[in-house]
Amino acid sequence: MIIDHPLLGPRDAQEFTYLGDASLINRPDWQSENALSEFHDYLYLRDNPAGEHRELWYHEQGDRSWLVVTRNTTTHEILNVELAHDVAKAAAAERSAQ
Amino acid sequence: MHKLKPITPLGGNTPRQDVIGTITITEVADQALASVAARRGQANVVRQKLSDQIGLSLPDVGNAADAAPFSAFWTGPDQWMITAPHESHELLASELKKTLGDSASVVEQTDGWCRFDVAGAGLCDLFERLSNAPVRTMASGTAIRTTAEHLGVFLWRLAEERIAVIAPRSSAGSLHHGLLAAAKSIA
């Protein structure tokens, strides 16, 4: 697979390591009242789609940035690549706008 | 303790040089290194300070810059590696920290890395065998982090026929072996 890095352009997937579902960015607040059940869900509950999946990749043998890669799990086609930094910032902006 | 003497990454008293066909592989041990990572939201302050005080304009993604005796190459978002001759800038990291203050985190890197300058015609043939970096399309003054001989390395194109390979110092022997093997395979 080739991952089209938003800063560096197309790079071989062997330079990257895989973490898992992109929802791992949304870590629950450890001080919330339901922290225990929220962390249970955060840690154990995942969708396992056959098809489009948003996931976290780390460019370990490159610029060491975290990416959110949208990948089709049945064809391995890579549909979108964003910097996790940008995704997290956008999500935070959305939360504060609510 | 007073009888300690410096050795090169390959363990010699003097830097090693190998000539294989058109390729020359030179161990470079006379450069000090320091990494600079701008703190959150401070990248422009870091750029401004280095530009004002040592005349170095920090390079953008994938590039390198020179402002003698300093050079810099991009290593990641808002992060750079700065080099200068060890002879005159042994305390490079402290110098940079004084210049940058709280705007950046500066880490001494000199003894963490080994560097080999590979020069000669056929350079791209050699690196094609060693890594998947697009060396043929890399212009002079660009740098890329990739893998070679299973090691995470920086390839820094200094000139059309000269590339510096910067790799973990403790793996200098393995990298050197890989460079020699690739050079012999194209000689």
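Quick housekeeping. This is a predicted model, so local features need pLDDT of at least 70, side-chain atom pairs count only at pLDDT 80 or more, and totals for chains, interfaces and linings use all residues. Residues are numbered from 1 along each chain as its sequence is written, while chains are lettered from A and ligands numbered from 1 in the order in which they are written.

Okay, chain A. You get two helices and six strands, and from the N terminus they go β-β-β-α-β-β-β-α. Along the principal axes, the C-alpha atoms of chain A fill a box of roughly 45 × 30 × 25 Å. If you take the contacts in chain A with a separation of 6 or more, 48% of them link residues 24 or more positions apart. A contact here is two C-beta atoms, placed from the backbone, within 7 Å.

Over to chain B, which has an open sheet of five strands in the order 4-5-6-3-7, with antiparallel pairing. Its edge strands are strand 4 and strand 7 (104–108) of chain B, each pairing on one side only. Pairing needs at least two bridges found by DSSP between the strands. From one strand to the next, the twist averages 25 degrees.

Now the helices. Helix 1 (residues 43–54) of chain B packs on the sheet and touches strand 3 (31–38), strand 4, strand 5 and strand 7 of chain B, at about 145 degrees to the direction of strand 3. Helix 2 (residues 92–100) of chain B lies across strand 3, strand 6 (79–85) and strand 7, and runs at about 170 degrees to strand 7 of chain B. Those angles run from 0 to 180 degrees between N-to-C directions, using lines fitted to C-alpha atoms, for helices over the stretch in contact.

Most residues other than glycine have a negative phi, and most peptide bonds are trans. Where does Pro69(B) lie? In the loop between strand 4 (64–67) and strand 5 of chain B, and the peptide bond from Ala68(B) to Pro69(B) is cis, with omega near 5 degrees.

Arg64(A) has a positive phi, near 60 degrees, and sits in the loop between strand 4 (52–58) and strand 5 (66–72) of chain A. Arg64(A) counts as partly exposed because it has 14 C-beta neighbours inside 10 Å. His150(B) also has a positive phi, about 65 degrees, in the loop between strand 9 and strand 10 (151–159) of chain B. With 11 C-beta neighbours inside 10 Å, His150(B) counts as exposed.

Methods:
Helix = DSSP H or I, 4+ residues; strand = E, 2+ residues; numbered from the N terminus. Buried ≥ 20, exposed ≤ 12 C-beta atoms within 10 Å, placed from the backbone.
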